[in-house]
Amino acid sequence: MAPTAQHGQEVRQRLLAAAAELIPERGWTAVSTRVLADRAGVTPSVVHYHFSSIQDVLTEAAVGAMHQVLAATDELFTAAITPAAGVDAMLASVEQYDGSDPMSLLFTETYLAATRDEQLREGIATLVTDFRARVSDWLTIHQVAEPAATAAVLAATIDGLLLHRSLVPESPALTTVLRRLVR
C-alpha cells in the first residue's frame, strides 16, 4: 500500500475509533463533525473527505463495534461442545457489560438512533440476521428443536440483557431457563 493510502486508512480508522468512543460518551445526536475531528486529531474537513456525512461515520463505527461484540459471542458459543455449554458461553460473553459501560451505552444509543435512520436499522438488522443464522446452524448440528426460533430467542435475550443490566439485577435462574430452550 502506498504511504498516502496507508495514511488515509489510518486517519479513517482514527475517525471510526473516535466516533465509537464519542457515541456512548455524548449520545448519538451530540456527536458533531467538530467534536469528532477534535477527538481524532484532524480538521473537520478531513471528516467529510473520508465520509459523506457525520451519520455515515457514526453508522460505520457503531455497526463495526457491534459486529466485533457479536463475533466474539458467536466464537464462544460455537466453540462449546453442547447446547447447554453454548448457552453458558453466550451468557459469559456479556458478563463484562454492566449496562453503564461504553459498549452497552453504544448499543443503546445505536438502537435508539436506528429507530430514525433506515440505513442504520438495515445495518443492525443484517448483523442480527447473520448472527441468528450462525447460531441456528450450530443448534441444527446439535439437534436442538426449532433451531431458528431458538436462535432468535437467544439473540433477543442477549440484547435484552445488555439493555436491562443497568436497570435491574439479573435473575439467577436465567441460565436454567435458557438451558431449557436448547434441550
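Q: Why is Glu60 called partly exposed?
A: This is a predicted model. In it, Glu60 has a relative accessible area of 34%. Buried means under 20% and exposed over 50%. The value 34% lies in between, so Glu60 is partly exposed.

Q: What makes the contact of Arg12 and Glu60 a salt bridge?
A: Their side chains meet at 2.7 Å, N to O. The cut-off is within 4 Å, so the pair counts as a salt bridge. Arg12 lies in helix α1 (residues 3–26) and Glu60 in helix α4, so the pair ties together parts 48 residues apart in sequence.

Q: How do you know that Asp74 and Arg134 form a salt bridge?
A: The N to O distance is 2.3 Å. That is within 4 Å, so the pair qualifies. Asp74 sits in helix α4 and Arg134 in helix α7, 60 residues apart.

Q: What makes Asp88 and Arg179 a salt bridge?
A: Their closest N and O atoms are 2.2 Å apart. The limit is 4 Å, so the pair counts. Asp88 lies in helix α5 and Arg179 in helix α9, so the pair ties together parts 91 residues apart in sequence.

Q: How do you know that the span of helix α8 agrees with its 18 residues?
A: At 1.5 Å a residue, helix α8 (residues 147–164) should span 26 Å. Its end C-alpha atoms are 25 Å apart, which agrees.

Methods:
Residues are numbered from 1 along each chain as its sequence is written. This is a predicted model: local features need pLDDT of at least 70, side-chain atom pairs count only at pLDDT 80 or more; totals for chains, interfaces and linings use all residues. Side-chain values use heavy atoms; hydrogens and water are left out. Helices (H or I, at least four residues) and strands (E, at least two) are DSSP runs, numbered from the N terminus. The expected span of a helix is 1.5 Å times one less than its number of residues. Buried means under 20% relative accessible area, exposed over 50%, partly exposed in between (1.4 Å probe, protein chains only).
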